[in-house]
Amino acid sequence: MKRNQRRSAKKTEGQPGGPFSAAVAHQLAGRLDEAVANYRKGLESQPDYAEAHYNMALALHGLGRWDEAVASLRRALDIDPAYVDAHNNLGSVLYGLGHLDEAVVSFRRALELRPDLAATHNNLGSALYRLGRQEEAEASVRRALDLRPDFAEAHFNLGNILQRTNRLEEAVAHYERSLSLKPDFKGIPSNLDTALYLLASAGRREAALEGANAWARIDPDDPIAGHVLAALQGGEASPPRASDGYVAALFDGFAERFDDVLAGLNYRAPALIAGMVMRETFSAAPDVLDAGCGTGQVGQLLRPRARTLVGVDLSREMLSRAAGRGVYDRLHRGELTAFMAAHPAAFDVITAADVLIYFGDVAPLFSAAAAALRPGGLVAVSAEELTDAAAGDWRLQLHGRYRQRESYLRHCLASAGLAPVRFERHVLRSESGQDVEGLIALARQ
């Protein structure tokens, strides 16, 4: 859910050149530590200055010192119980800390004082949504939209509520309204993608196609919209692989919650791939390429075994999180097939966890992997298996991921000069309460 916060410092009434004026100047210039120091100095002589406590809270929040920000906001409210902005911002900080019931109290108090605050109604709706109080959340967000019909964040939040309560066509309409108002709004593409998939899966494919076409009209250059439309159209409209723009945009928007979401889906592909590699015997510690490394889940598992560990991915945000693990010797942003082709005979092991789901035609991928491996080197991949007897070698599914037939994977490996060592069927993750089965394959150059 999306909430809004007021972050700008308010002008104080301190004497020119005094600590309060200096504090505001520092705050507006982004020098938050200096701002806090000056607010504290000024408050020594004027401890009941509510505006200064409020502004200091904003600076403390910007520094990530959220508990101190809460204390400053509460102090401002002790001095001035009718301080609307302080109630609203206290609610926002409490929301960020996960104290949702307290956040609701603060937002409601602000609205008692100023019932026309659209942003606060939206904030209240966000907190109620996270508490599972969907009817109240919907009423709050709809009130925000009554006050501000062009409120992009509120349209997004209403879309989330409607999606959770299975009113998918309405959810799609509000996501698209939000997107038309704020094209760079992070989070909309992935949520809209999910709503369209759920709509199509519920047997309303024509409605989903209509929504996807509307999305493409709103933003014809959005690679996610183009890929979703192709997945819903199916058949000959399916591209042989997902575009670089789609993969980068998808994971840049998903990176922040990627690990948490997949943990909730019992995501096993990294552990299965790493386990398969670790069972092999090497004459020396191998040089490993983690192709499509994401946040580094495979790399973290293979680090103890590897001499060097290199990661490559299209998503800048995913690479940032992979770097935070501190396990890679090098990380590169780029398309992995081109990267492997540019590094002949450079690696002893190449892993690709949940990479093939963005490729239909895997022949170029396996050829590039074979070229990047040293003699006797290994490639380990996961794939979602295509079992539909009426399908071809691969298919783009409604959810936007590709599946391949096992016989096709074996053929492409052999054509690239990669001899299959082991094919195993495993549950890769859960989705909508169902196990997703797939293949873990190991092949040798």
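Ala291, Leu336, Met340, Ile350, Ala352, Val355, Leu365, Phe366, Ala369, Val379 and Val381 line the largest cavity of this predicted model. Local features here need pLDDT of at least 70 and side-chain atom pairs count only at pLDDT 80 or more, while totals for chains, interfaces and linings use all residues. Residues are numbered from 1 along each chain as its sequence is written, and side-chain values use heavy atoms, with hydrogens and water left out.

**The largest cavity**

- A cavity is a set of points, on a 1 Å grid over the protein atoms alone, where a 1.4 Å probe fits but cannot get out, and a lining residue has an atom within 4 Å of a point.
- The largest cavity holds about 50 Å³ of space, where a volume is the space filled by probe spheres set on the points, and grid points are joined across faces, edges and corners.
- By this rule, three cavities of 30 Å³ or more are counted.
- At least two lining residues of the largest cavity come from each of α18 (336–341), β4 (347–352), α19 (363–372) and β5 (373–384); helices (H or I, at least four residues) and strands (E, at least two) are DSSP runs, numbered from the N terminus.
- α19 gives the largest share of this lining, three residues.
- The lining of the largest cavity has eleven nonpolar, no polar and no charged residues; Ala, Val, Leu, Ile, Met, Phe, Trp, Tyr, Cys and Pro count as nonpolar, Asp, Glu, Lys and Arg as charged, and the others, Gly among them, as polar.

**The second largest pocket**

- A pocket is an open set of points with protein on both sides within 12 Å along at least five of seven lines.
- The second largest pocket has about 290 Å³ of space.
- Its lining is made of 15 residues, and Asp184, Phe185, Lys186, Pro189 and Ala249 lie nearest the centre.
- Two or more of these residues come from each of α11 (188–201) and α14 (244–264), and α14 gives the largest share, four residues.
- Seven of the lining residues are nonpolar, three polar and five charged.

**A pair of helices**

- The axes of α12 (residues 205–218) and α13 (residues 223–233) come within 9 Å and cross at roughly 155°; axes are lines fitted to C-alpha atoms, for helices over the stretch in contact, and angles run from 0 to 180 degrees between N-to-C directions.
- So α12 is roughly antiparallel to α13, a term for angles over 145 degrees.
- Where the two helices are in contact (heavy atoms within 4.5 Å), residues of α12 including Leu209 and Trp215 meet residues of α13 including Val228 and Leu232.
- This contact has eleven nonpolar, two polar and one charged residues.

How values were computed. Parallel < 35°, antiparallel > 145°, perpendicular 65-115°, else oblique.
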